[in-house]
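Trainee: Could we go through this structure together? I would like to learn what stands behind the words used for it.

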Protein chains: 2
Amino acid sequence: MQERALATRSLILLGAARVFNQFGFNGSNLALAAEEAKVTKGAVYFHFSSKLELAKAVIAEQHRLVQEKIAENNRDEQRALAVMIASCQEFANLLQTDTVVKAGIRLTFEGPTFGLDVAGPYIDWIADMTQLALTAKEQGDINPDVDAKAFAMFLVGSFTGVQMVSEIISDRRELSKEIKNMWWSIGNTVFSEKARSDARISTLIEGPLEPLTPPEMA
Amino acid sequence: MQERALATRSLILLGAARVFNQFGFNGSNLALAAEEAKVTKGAVYFHFSSKLELAKAVIAEQHRLVQEKIAENNRDEQRALAVMIASCQEFANLLQTDTVVKAGIRLTFEGPTFGLDVAGPYIDWIADMTQLALTAKEQGDINPDVDAKAFAMFLVGSFTGVQMVSEIISDRRELSKEIKNMWWSIGNTVFSEKARSDARISTLIEGPLEPLTPPEMA
């Protein structure tokens with residue numbers, strides 16, 4: 001694709017992400033995305049044949065952005081447990097700040113309502129986390145009695161639900177803290193003595209957290 | 001309402017639950033629910049003015065069923081921590097076996113796509129769990145450094161996500177085990193020494209779990 005076409009495609013994806021964030025899949029259409037991206041409807045149709053294709057492209061772009069950020073942050077990190085914690089934290093940050101990431105996750109949640117198979121991303125994510133957990137066990141940071149795959153399933157489920165409830169209750173205002181609290185809650189069971197006494201790991205989860213008081217619930 | 005009208009209403013709710021489970025909110029309508037319940041369309045309209053009203057009634061019935069089962073199971077239970085664990089386990093069982101409960105949760109997840117405010121049930125559930133966690137701290141079963149409200153938020157988020165990912169990956173086939181694994185993962189951080197050495201609490205979470213291998217991921 002030419003540079004200019006690529007730039008237009010990026011603009012469309014960002015415009016579409018804004019529209020999907022506001023109206024969800026059902027309430028969105030290509031015309032609204034074109035308007036938001038300040039391009040013609042023809043330009044949108046040139047790149048995407050349907051709303052479903054556009055939604056899939058937003059999800060793919062979200063996935064790419066998250067992977068890129070995580071890889072960037074962990075380029076020099078040798079400890080798998082640190083990578084696991086930092087990845088969740090980075091994902092939480094992006095869910096609080098990045099329009100495309102927010103839209104991608106909203107569309108993934110809505111996927112089953114418009115016939116999109118969403119198992120793939122979860123299966124991939126669980127497989128990645130299983131590998132990291134196995135390495136962390138070899139590195140002595142995760143306790144030997146932790147089953148790597150069961151732990152990865154739990155972690156992915158837990159992260160997914162914590163961010164979802166956080167969005168519903170408080171528009172993810174406290175998500176970073178809530179994800180740290182997730183890690184803290186499992187720390188004594190899952191982390192080895194060595195990991196728990198490690199300054200860098202402690203910094204990542206910040207030890208026992210200050211009380212969370214989501215404004216809506218006070 | 002007369003007894004016969006109540007019986008018809010129950011039939012309609014069960015029929016509607018089957019339809020919502022299969023097709024989601026978007027793919028369902030009152031005619032399909034009538035057909036599934038083996039009643040006339042007129043009977044459905046007599047009880048429910050719209051698909052939205054019918055969906056809300058299924059969610060309300062799911063909530064009632066879960067509360068009733070939990071109350072029944074915990075009638076003689078004095079320990080708040082045991083109530084928390086058993087409630088999650090009972091909810092998991094219902095999500096694996098009860099058509100109305102499955103449909104209610106599917107509709108709650110889909111709610112934001114058809115304009116239903118779904119914050120209420122989560123806020124109520126977090127408030128209940130916060131109260132139980134406070135009592136469990138007083139009873140010496142939950143560690144003093146656990147913030148009751150933050151823990152309740154985490155627990156509700158975690159349960160929600162674990163059951164959701166379980167549904168996507170394996171139609172909730174292993175959900176009971178996965179919820180036990182959730183409790184096991186947080187046990188050493190959250191539970192007091194006293195709770196951890198208690199035979200009844202240990203039975204509820206069944207100690208370190210056997211490896212989970214969801215068939216689709218093997």
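Trainee: What makes us say that the copies meet through the same surface?

Mentor: Good place to start! Residues are in contact if their C-beta atoms, placed from the backbone, lie within 7 Å. Of the interface residues of chain B, 100% are also interface residues in chain A, so the copies meet through the same surface. The contact takes 45 residues from chain B and 45 residues from chain A. On the side of chain B that touches chain A, helix 8 of chain B gives the largest share, 17 residues.

One caution: this is a predicted model, where local features need pLDDT of at least 70 and side-chain atom pairs count only at pLDDT 80 or more, while totals for chains, interfaces and linings use all residues. Residues are numbered from 1 along each chain as its sequence is written, and chains are lettered from A and ligands numbered from 1 in the order in which they are written.

Trainee: How are the two copies related?

Mentor: Chain B superposes on chain A by a rotation of 180° with 0.0 Å of shift along its axis (RMSD 0.0 Å). The two copies are therefore related as by a two-fold rotation axis.

Trainee: Why is helix 1 of chain B called roughly perpendicular to helix 4 of chain B?

Mentor: Their axes come within 10 Å and cross at roughly 100°. Angles of 65 to 115 degrees count as roughly perpendicular, so helix 1 of chain B is roughly perpendicular to helix 4 of chain B. Among the residues that meet there are Leu13(B) and Phe20(B) in helix 1 of chain B, and Leu54(B) and Glu61(B) in helix 4 of chain B.

Conventions. Copies are superposed by least squares on the C-alpha atoms of residues with pLDDT of at least 70 in both. Two residues are in contact if their C-beta atoms, placed from the backbone, lie within 7 Å. Axes are lines fitted to C-alpha atoms, for helices over the stretch in contact, and angles run from 0 to 180 degrees between N-to-C directions. Helices (H or I, at least four residues) and strands (E, at least two) are DSSP runs, numbered from the N terminus. Angles under 35 degrees count as roughly parallel, over 145 as roughly antiparallel, 65 to 115 as roughly perpendicular and the rest as oblique.
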